Amino acid sequence: MDVKNKMVAESMSFYYGDFQALKNISLAFPENRVTALIGPSGCGKSTFLRCLNRMNDLIPKTRMSGRIMLGEMNIHDPKIDVVDLRKKIGMVFQKPNPFPKSIYENIAYAPRIHGIVRSRQQTDAIVEDSLQKAGLWNEVKDRLNDLGTALSGGQQQRLCIARAIAMQPDVLLMDEPASALDPLATQKIEDLVLELKKKFTIIIVTHNMQQASRASDYTAFFYLGDLVEFGRTEQIFTKPHEKQTEDYITGRFG
Amino acid sequence: MESSVINERRKQKRLARERRFRFYGISAIVLAISFLVFFFTDIIRKGYKAFAVTEIRSEIVYSGDAMEIPQLAFQEDVREFVSYSVARMIPSDLERDPSLMGKSVVKWVTASDEVDQYAKGSVTRLDQDEQRMIDDLKRQGRLRLSFNTQFFAGGDSKLAEVAGIFSAVVGSLYVIALTVLFSVPIGVMSALYLQEFAPDNFLTRLIEVNISNLAAIPSIIFGLLGLSIFINFFGVPRSSALAGGLTLALMTLPVIIISTRASLGAVPDSIRHGAYAVGTSKLQMVLHHLLPLSMPGITTGTIIGVARALGETAPLLIVGMMAYIPDVPSGITEAATVLPAQIYTWSSASQRAFVEKTAAGIMVLLVVMLLLNATAIWLRRKYEIKW
């Protein structure tokens, strides 16, 4: 099967001060596929995810070496504006963080500041479309002016997904998007991920092994800043090449 | 069995502790409220009389004699009781309108402060005979108490019966407007820069410490600063609302900076990250998200700072606003006084009649303060954000 790679990290290392959090990682993310990043806490998977849209730029005293390519573009190229980069790479956080504005405004904000929409009709259309894609439209269509923060946790997270896809990104980063949600809301998010991969390349960090095996096509296992193993999800979960991977996914990690 | 007895005893002790704690809390509140009630009753008891003024009905005869000695225009039995503020107008009235000469009118005119005090049952310097004459006037229906419009419409005067608070209110409004105009933009911008843009290094930490120190500096120091910078260096007119407003703006700045920074700091980082993740620039993040979210806090801080500035006297003493200024200022560069300064001026005046003026002035100041604080609470409620 021939799959194009949407995003590629090449010999990437990352440091918090003197501490090396990521060690020489090379990893490619196939287009329109879901790649899960798994590993124990502190293994660097979230750090890696935040490198992909340069959110780590916000943390002082960090540095990075290596290269990350989005298509043909080096994301650290000085000619690249970080605002444009983040427009192409949406992100959903662990804790739902809708803006304390109306549901409508939460979605309309990004398309508006990026000039994607010019008229009220266009904005209405993109709000409806994004909420449809995030599977939230039927629940909120009659109360678009309610505060986004007044929704339930699971709805808030889907609102954040809708907010991210409203700016029509190429890649969607998800940092443990379901870890703060109950099983039913988690189920909805997983279904959504499977639906959204038709349009976007999705990279998802998760602590939940079942989630990784259910929702992802590829899985990368990180341990102590190293990329231990990367492969198709069914291979990683059934016939891992590395002993460490096997120990971790079977819960025998010690 | 043993342990349930111990548990029961422990529970009783705990409940007793909670009851004691409640009792202490309630006593503290009762004590605070009783002080407040005492203060208010004292002020209102002294001050309410100032809202009425004594008037005497007299025939006024415009004559040549009255040109020389204005008191002669009034009926003989009230001559010495009529306020000089009324009497001194007789000659100028005649000059303006000579046709009045020889005519007479019957009018209610303001009585002098001693008559006023006697009529209101306060301590007076009138002697027995004079008091009897006043009693006679009252019996004839020629003495009445009416609402003291002069108090709200007029400026200060050496004659207690016509001294009013209006020029001080106008002065206060000018000063407060200028304070807000100068301190809010500068304060909010400084706080935004320090909190969101400035690097965290020795210099910015030094600035932070100094701002906190400035907030605790005695206000009179700001008066000296205002005197040397605004009046001596920039040549702002002394006693003017501009000098006072600028000085109080200096004093209010640290309060606004600190409260703005606190409310910016209270915005969770998840909002900043969420905004960055949808591709906002730093400025957009600040303007579209942080500023609106911290608006309630900024408003509250501003109003608290301004309310403090409104009641401030010490720095204004230095810039010359604590003076006898009877005229209503018509601009920000003219000599003006403010409410607390007016209250202080009256409190140190020698005539008894100024005691009630002082209390009434305090009542007016308290009402203005109350309105400001109520606005602050209303604004905070209106824009409060629930996470």
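**Exercise 1. Asn24(A): how exposed, and where?**

Task: Decide whether Asn24(A) is buried, partly exposed or exposed.

Solution. Start by counting: 14 other C-beta atoms lie within 10 Å of that of Asn24(A), so the residue is partly exposed. The scale calls a residue buried at 20 or more other C-beta atoms within 10 Å, exposed at 12 or fewer, and partly exposed in between, with C-beta atoms placed from the backbone. Before going on, note that this is a predicted model, in which local features need pLDDT of at least 70 and side-chain atom pairs pLDDT 80 or more, while totals for chains, interfaces and linings use all residues. Residues are numbered from 1 along each chain as its sequence is written, and chains are lettered from A and ligands numbered from 1 in the order in which they are written. Helices (H or I, at least four residues) and strands (E, at least two) are DSSP runs, numbered from the N terminus. Finally, check the backbone: Asn24(A) is not a glycine, yet its phi is positive, near 50 degrees.

**Exercise 2. The sheet around S2(A)**

Task: Find which strands stand at the edges of the open sheet in chain A.

Solution. First write down the order, S2-S1-S4-S5, for the 4 strands, whose pairing is antiparallel. Strands pair if DSSP finds at least two bridges between them. Then look at the ends: S2 and strand S5 (73-74) each have a single partner strand, so one side of each lacks a neighbour in the sheet. Last, inspect one pair: strand S1 (residues 5-16) of chain A is joined to S2(A) by 8 bridges. Opposite Leu22(A) in S2(A) you will find Phe14(A).

**Exercise 3. Glu114(B)**

Task: Work out whether Glu114(B) is buried or exposed, and which residues Glu114(B) touches.

Solution. Begin with the location, helix H5 (residues 113-119) of chain B. Now count: Glu114(B) has 23 C-beta neighbours inside 10 Å, so this residue is buried. Leaving out residues up to four places away in sequence, Glu114(B) touches Thr124(B), Arg125(B) and Leu126(B); contact needs C-beta atoms, placed from the backbone, within 7 Å.

Definitions and conventions: Two residues are in contact if their C-beta atoms, placed from the backbone, lie within 7 Å.
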